[in-house]
Amino acid sequence: MFITDWVRRAQTSVRFKAEGGDPARLLRRLREADVELWQLRGFDGGFFAWCDADDYKRLPPLVRHTGMRVRIVKKQGLPVRLARYKGRWGIPAGLAVAAAVFCLVCPRSWVIEMQSEDLKAPLSPALQADITAFLEQNGVTVGAKKRGVPSTEIRLTAPAKIEGVGALSVNLSGCVAHVTVMPRVAYEKTRVKAAALSNLVAARDGVVRKCEITGGKRVCLVGEAVTKGTLLATGVVDTEAGPLLKRATGRVLAETEHVLTVRVPLAETVERPAGRTVKRYTLSAFGLSAPLFTPLKTDGWQVSKTTRAVKLFGRDLPLSVTAETAREQIAVTTTRTKAQAKAEAKRRADKQVAEAFAGAEVLSRADTVTTDNSGVTLTVTCKILEDIAVEVPAERR
């Protein structure tokens with residue numbers, strides 16, 4: 001049924017209306033003449049139907065002596081559609097130009113997108129400049145042929161030639177060269193080697209509550225008050241064969257005291273959006289950019305940009321649109337009462353405590369509020385249970 005409908009749409013067919021006279025007699029004559037009708041719709045005194053154009057030419061002798069009047073309502077089919085464009089040379093000329101442009105554009109890369117695979121380590125401008133220079137040396141430029149890009153060689157040589165790059169790959173999709181970079185993480189080199197001698201010392205003052213020494217010999221005691229720099233564990237372990245030198249490792253949980261101060265003035269001036277927002281778009285194609293807006297001074301405005309590539313049938317075209325949103329900022333003076341200032345100080349203090357002691361346990365907290373004519377000062381004293389052990393190298397004697 002589905003295939004038959006498409007065949008009928010491709011062929012020339014006619015929808016006609018027959019009215020007046022005897023419809024039953026006409027239908028009987030059409031059936032005897034093997035005229036195929038479809039989508040037959042009857043009404044009072046006549047009917048609508050579809051038939052092939054060749055069958056419609058056979059209707060006049062069949063309609064005679066039936067008293068019916070037949071007229072064409074609609075024509076459809078591929079020949080009918082093509083006849084509408086007869087004499088219009090702009091369409092085939094445009095198709096020919098479009099085909100020529102695609103043949104010229106598609107074998108080349110017109111957009112180079114660079115992104116970091118590690119979201120926590122974005123690419124710095126200096127590193128992007130080094131990567132761009134390396135790609136240009138290997139033929140990855142705007143307008144370069146895709147066949148000449150040595151993707152395998154780039155992947156193998158990039159980490160050795162670019163400082164700060166752990167891995168780099170170039171993937172060609174349509175007219176876009178996607179450059180994926182894995183930044184090289186610079187780990188801090190520790191001075192303590194696996195077989196070196198080290199000790200654990202206290203990083204701050206506190207009272208020892210729990211010791212979990214996994215390497216070396218414990219020196220501190222639970223309940224002992226220690227100060228910054230106090231020896232907590234040593235790497236010198238006495239054995240029957242003599243002293244054994246090793247690393248001191250583990251954790252020493254101690255109760256420490258931290259003081260945070262938050263100041264909230266009664267009158268405070270901050271930068272806030274003024275409510276005026278301007279959206280501007282820039283069209284980029286083949287390495288060239290065309291702003292689609294008139295100049296506007298946006299000094300001091302908050303500006304955010306997003307760039308999206310234009311796609312056709314799931315493939316990126318050498319076109320991209322950059323949307324720029326600019327929000328005007330104005331200085332707003334906020335006036336608070338002392339009660340409002342206290343509430344704002346507590347909110348800010350709660351945020352600071354949550355951020356500062358995210359990996360520790362808050363044992364207790366005491367808030368002290370001091371007010372004057374200009375604002376409110378909130379002093380927070382927290383007792384924290386945290387690991388104060390720090391491994392430091394020890395000299396051998």
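1. Ser173 stands opposite Val176 in β9. Eight bridges join β8 to β9 (residues 176-183), and these two strands run antiparallel. Strands count as paired if DSSP finds at least two bridges between them. Strands (E, at least two residues) and helices (H or I, at least four) are DSSP runs, numbered from the N terminus.

2. A word on provenance: this is a predicted model, in which local features need pLDDT of at least 70 and side-chain atom pairs count only at pLDDT 80 or more, while totals for chains, interfaces and linings use all residues. Residues are numbered from 1 along each chain as its sequence is written, and side-chain values use heavy atoms, with hydrogens and water left out.

3. The sheet around that pair is open and has three strands, in the order β6-β9-β8 with mixed pairing. β6 (111-116) and β8 (165-173) each have a single partner strand and stand at the edges, so one side of each lacks a neighbour in the sheet. On average, neighbouring strands here are turned by 20° against each other, direction ignored. Helix α7 (residues 125-137) lies across β6, β8 and β9, and runs at about 55° to β8. For such angles, axes are lines fitted to C-alpha atoms, for helices over the stretch in contact (heavy atoms within 4.5 Å); the angles run from 0 to 180 degrees between N-to-C directions.

4. Asp238 has Pro243 of β16 as its bridge partner.

5. Does the length of α9 fall in or out of line with what its residue count predicts? The helix has 19 residues (338-356), and at 1.5 Å a residue it should span 27 Å; the end C-alpha atoms are 26 Å apart, which agrees. The expected span is 1.5 Å times one less than the number of residues.

6. Which residues of α9 are buried? They are Ala341, Glu344, Ala345, Ala349 and Val353, where buried means under 20% relative accessible area, exposed over 50% and partly exposed in between (1.4 Å probe, protein chains only). These buried residues pack against β17 (249-265), β22 (361-371) and β23 (375-387).

7. On charges, the whole structure holds 18 salt bridges, each being a side-chain nitrogen of Lys or Arg within 4 Å of a carboxyl oxygen of Asp or Glu. One of them joins Glu257 to Lys383, with the closest N and O atoms 3.2 Å apart. Glu257 sits in β17 and Lys383 in β23, 126 residues apart, so the pair links distant parts of the chain. Lys383 counts as partly exposed, at 30% relative accessibility.

8. Asp372 and Arg263 also meet through their side chains in a salt bridge (3.2 Å, N to O). Asp372 lies in the loop between β22 and β23 and Arg263 in β17, so this pair ties together parts 109 residues apart in sequence. Asp372 is partly exposed at 31%, and Arg263 is partly exposed at 36%.

9. Finally, Glu268 forms a salt bridge with Arg348, the closest N and O atoms being 3.2 Å apart. Glu268 belongs to β18 (residues 267-285) and Arg348 to α9, 80 residues apart. Glu268 counts as buried at 17% relative accessibility, whereas Arg348 is partly exposed at 23%. Salt bridges that share partners join Glu268, Arg336, Glu344, Arg347 and Arg348 into one network.
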